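Me: I am new to this structure and would like to learn how to read its aromatic rings. Could you walk me through them?

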Amino acid sequence: MNKFLIVIALLLSQSICSQTIFGKWKTVDDETGEEKSIVEIYQENGKVYGKIIEIFDATKRDLPCKFCPGEDFNKPVLGLKIIKDMEKSGDVYKKGTVTNPENGKVYDCRLKLDDDNPNRLQLRGYIAFFYRTQYWIRTGL
């Protein structure tokens, strides 16, 4: 019986430790605490991306990204890839970018699961050594 309990405990701990960043995340404004959208993070051709799949404010659902640079200019914000070209490096994902669709600014990006809570994602956008961090919440939607 003890061996059975040990095996179950090991399997449970392994499943908790093997959480990934992939899935759906509720974005939360780091200044106001307002829940804004759902971003789906996925892998494609060896890189990691995130796109907006839901916007909570109905008045913003059909807006274009009028400040976004390049090919994203004037694309609908709903469905927009805001996280691009991330690569895994240890327990973090980096070497990619994140776009703020409200102002079109593009930042270098780092993604990491919270050490204390694997259902919280730390997203850090930065320029040089200046950075801003948001925490997103895993959602089952």
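**Reading ring pairs and a buried residue**

Reply: Let's start with Tyr 93, which counts as buried at 8% relative accessibility (buried is under 20% relative accessible area, exposed over 50%, partly exposed in between, with a 1.4 Å probe and protein chains only). The model is predicted, so local features need pLDDT of at least 70 and side-chain atom pairs pLDDT 80 or more, while totals for chains, interfaces and linings use all residues. Residues are numbered from 1 along each chain as its sequence is written, and side-chain values use heavy atoms, leaving out hydrogens and water.

Me: How is a pair of aromatic rings described?

Reply: By the distance of the centres and the angle of the planes. Rings of Phe, Tyr and Trp (its six-membered ring) pair if their centres lie within 6.5 Å; planes under 30 degrees apart are stacked, over 60 edge-to-face, and the rest tilted. That rule gives 3 aromatic pairs here. In one of them, the centres of Phe 22 and Tyr 93 are 6.2 Å apart and the planes stand at 75 degrees, so the pair is edge-to-face.

Me: Is Phe 22 buried or partly exposed?

Reply: Phe 22 is partly exposed, with a relative accessible area of 26%.

Me: Which residues does Ile 21 touch?

Reply: Contact means heavy atoms within 4.5 Å. Leaving aside residues up to four places away in sequence, Ile 21 touches Ile 41, Val 48, Tyr 93, Leu 111, Leu 113 and Leu 121. Ile 21 counts as buried, at 3% relative accessibility. Its C-alpha atom is separated by 8.9 Å from that of Asn 119, 98 residues apart along the chain.
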